[in-house]
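Please look over the structure shown below before reading the notes that follow it. The briefing is written for someone meeting this structure for the first time.

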Amino acid sequence: MKHIFLLEDDETLGQGIAMALTEPEISVTCRNNLAKAREAVAGEKFDLLILDVNLPDGSGLDLLRQVRAAGDATPVILLTANDLELDEVTGLEAGADDYITKPFSLAVLRARVNAQLRRSTPKATHIVSMGPFVFHFDLMDFRRDGRLVELSKTEQKLLRVLVENRGHAVPRATLVDRVWTDGAEFVEENALSVTVKRLRSKLEADPSKPEYLKTVYGIGYIWAVKP
């Protein structure tokens, strides 16, 4: 669930914006003056702030500066009737992530809001934990029984394809195409076999009798799923 905070002194416009942005996975909290906005932002964590610059009791820029001074990196979109370049520069230098001049279409606002929410969403990390292994592919950290195992880039690619397809035999041609994506036609015939051998030597307790990286004769290789 994403939580958006909207500071807009025009209550009719604020209600219209809130309705346009509200979805099953998005909620919008509205305030119409700076004092109320400060209370709301201090008491709750939001995924995006939309701040009107011109307010009866101050400016949305004041709240933006307060948020940034506290080390809060929440994305901020400024709304203003001012279309002077200086106003835009002032807002961006204060730490705003985007700037929309009134009047604006709600479709454009939704697009800008969705863009900021996507940027602020942490990317899922690819971690696989099974048996004695913990493979953190994004950090290139590979461990067996807690011990770090150093893998080459080619070995990492091969391991990732096999693990992502664990329990299923992957044909040799598919592995070559996926691992040597920069020109598989130039890969030597035994390159895959050599890489498999090296990977087994680093991950298997007994490389001559592999438990995990197994050969499927006539097809290719499989990362076996242990019961």
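Predicted model: local features only at pLDDT ≥ 70, side-chain atom pairs only at ≥ 80, totals over all residues.

Residues are numbered from 1 along each chain as its sequence is written, and side-chain values use heavy atoms, with hydrogens and water left out.

**The sheet and its helices**

- Five strands form an open sheet with parallel pairing, in the order 2-1-3-6-7; strands here are DSSP runs of E with at least two residues, helices are runs of H or I with at least four, and both are numbered from the N terminus.
- Strand 2 (26–31) and strand 7 (98–101) are the edge strands, each of them pairing on one side only, where pairing requires that DSSP finds at least two bridges between two strands.
- From one strand to the next, the twist averages 20 degrees, with axes taken as lines fitted to C-alpha atoms (for helices over the stretch in contact) and angles running from 0 to 180 degrees between N-to-C directions.
- Strand 1 (residues 2–7) and strand 3 (residues 48–52) run parallel and are joined by four bridges, and L7 has L51 as its bridge partner in strand 3.
- Helix 1 (residues 11–21) packs on the sheet, where it touches strand 1, strand 2, strand 3 and strand 6 (76–80), and its direction makes about 170 degrees with that of strand 2; contact means heavy atoms within 4.5 Å.
- Helix 2 (residues 34–43) lies across strand 1, strand 2 and strand 3, and runs at about 160 degrees to strand 1.

- L203 is found in helix 8 and is buried, with a relative accessible area of 3%; buried means under 20%, exposed over 50%, and partly exposed in between, with a 1.4 Å probe and protein chains only.
- The residues that L203 touches, leaving aside those up to four places away in sequence, include F133, F135, R144 and W223.
- E204 lies in the loop between helix 8 (191–203) and strand 13 (213–216), and although E204 is buried it has no salt bridge, the nearest side chain of opposite charge being R144 at 4.8 Å.
- A polar atom of the E204 side chain lies 2.9 Å from the backbone nitrogen of E211.

**Salt bridges**

- A salt bridge is a side-chain nitrogen of Lys or Arg within 4 Å of a carboxyl oxygen of Asp or Glu, and by this rule the count comes to eleven.
- D62 and R65 meet through their side chains in a salt bridge (3.8 Å, N to O); they are three residues apart in helix 3 (residues 60–69), and therefore separated by about one helical turn.
- D97 forms a salt bridge with R68, with the closest N and O atoms 3.1 Å apart, and this pair links distant parts of the chain, since D97 is in the loop between helix 4 (85–93) and strand 7 and R68 is in helix 3, 29 residues apart.
- R112 forms a salt bridge with D98, the closest N and O atoms being 3.1 Å apart; R112 lies in helix 5 (residues 106–120) and D98 in strand 7, so the pair ties together parts that are 14 residues apart in sequence.
- Within that pair, R112 counts as partly exposed at 31% relative accessibility, whereas D98 is buried at 16%.
- E8, D52 and K102 are linked in a network of salt bridges.

Conventions:
Lys, Arg positive; Asp, Glu negative; His and termini not counted. Polar contact = N/O pair within 3.5 Å; in protein donor to acceptor, adjacent residues only side chain to side chain.
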